[in-house]
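Me: I have a model open and would like to go through it with you. Could you keep the answers plain and give me the cut-offs as we go?

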Amino acid sequence: MDYKLFTEFITLQALLKEVGIIQSGGAIKSFLAETTVLFNGQDEKRRGKKLRVGDHIEIPSHQVTIHLIEPTSLEKEAFQEELFEKEQLAKRVKEINKVNKKQSTSLKQKKQGKKPLKDKQKPIRFPGM
């Protein structure tokens with residue numbers, strides 16, 4: 001199996017999770033304790049081991065060999081565009097949430113018949129109330 005690595009490195013844990021060998025990040029410790037995982041032919045037990053292009057992972061009990069390869073320039077370009085779109089979308093969602101929060105705060109205050117509080121102004125509290 002070939003795995004195209006778009007970043008500088010990927011950890012062993014992230015790779016095994018991404019290719020579907022383990023279900024969650026928490027399962028890696030027991031998986032490595034019970035299973036032989038070979039990194040470039042050497043037994044590897046570190047879940048945070050950084051894997052780079054050219055490395056290969058072998059799991060004999062699952063009959064799986066993963067080769068980390070470099071993507072083509074077109075694939076890299078598509079990956080960068082997708083990453084940029086995700087960042088722009090996340091930024092836009094944050095802006096929308098910020099606006100919605102301000103609107104819902106002012107609506108709550110109107111329903112309660114209170115004047116909107118100025119920035120960092122706390123309501124007056126009387127003892128016993």
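Me: Which residues does T35 touch, not counting residues up to four places away in sequence?

Reply: T35 touches K45, I59, S61 and H62 when residues up to four places away in sequence are not counted, where contact means heavy atoms within 4.5 Å. Please keep in mind that this is a predicted model, in which local features need pLDDT of at least 70 and side-chain atom pairs count only at pLDDT 80 or more, while totals for chains, interfaces and linings use all residues. Residues are numbered from 1 along each chain as its sequence is written, and side-chain values use heavy atoms, with hydrogens and water left out.

Me: And where is T35 found? Is T35 buried or exposed?

Reply: T35 is found in the loop between α2 and β3 (38–39); helices (H or I, at least four residues) and strands (E, at least two) are DSSP runs, numbered from the N terminus. T35 counts as buried at 9% relative accessibility, where buried means under 20% relative accessible area, exposed means over 50% and partly exposed lies in between, with a 1.4 Å probe and protein chains only.

Me: Let's step back. How many helices and strands are there in the protein chain?

Reply: The protein chain has three helices and seven strands, and from the N terminus on its elements run β-β-α-α-β-β-β-β-β-α. Of the contacts between residues at least 6 apart in sequence, 45% join residues at least 24 apart.

Me: What does the protein chain average in pLDDT?

Reply: The average pLDDT, which is the predictor's confidence in each residue from 0 to 100, is 86 for the protein chain, and 88% of the residues score at least 70.

Me: Which residues have the most contacts inside the largest nonpolar core?

Reply: They are L15, L16, F31, L51, I57, I66 and L68, in a core of 19 residues; a nonpolar core is a set of buried Ala, Val, Leu, Ile, Met, Phe, Trp, Tyr and Cys residues joined through side-chain atoms within 4.5 Å. At least two residues of this core come from each of α1 (12–18), α2 (28–34), β6 (56–59) and β7 (64–69). As for L16, its contacts are I21, I22, I28, F31 and I59, leaving aside neighbours within four places in sequence. Across the protein chain, buried residues make up 20% of the 129 residues.

Me: Now charges. How many salt bridges does a search of the whole structure find?

Reply: The search finds five salt bridges, each being a side-chain nitrogen of Lys or Arg within 4 Å of a carboxyl oxygen of Asp or Glu. One of them joins K4 to E75, with the closest N and O atoms 2.4 Å apart. K4 lies in strand β1 (residues 2–4) and E75 in helix α3 (residues 73–111), so this pair ties together parts that are 71 residues apart in sequence. K4 is partly exposed at 34%, and E75 is also partly exposed, at 24% relative accessibility.

Me: What about E44, which residue does its side chain meet in a salt bridge?

Reply: The side chain of E44 meets that of R46, at 2.7 Å from N to O, and E44 counts as buried at 6% relative accessibility. Another salt bridge is formed by K76 and E70, also at 2.7 Å, and here K76 counts as partly exposed at 34%.

Me: One more on the backbone: what is the phi of Q63 near?

Reply: The phi of Q63 is near 55 degrees, a positive value in a residue other than glycine; Q63 has its place in the loop between β6 and β7 and counts as exposed at 74% relative accessibility. N40 also has a positive phi, of about 50 degrees, although it is not a glycine, and N40 lies in the loop between β3 and β4 (42–43), where N40 counts as partly exposed at 33%.
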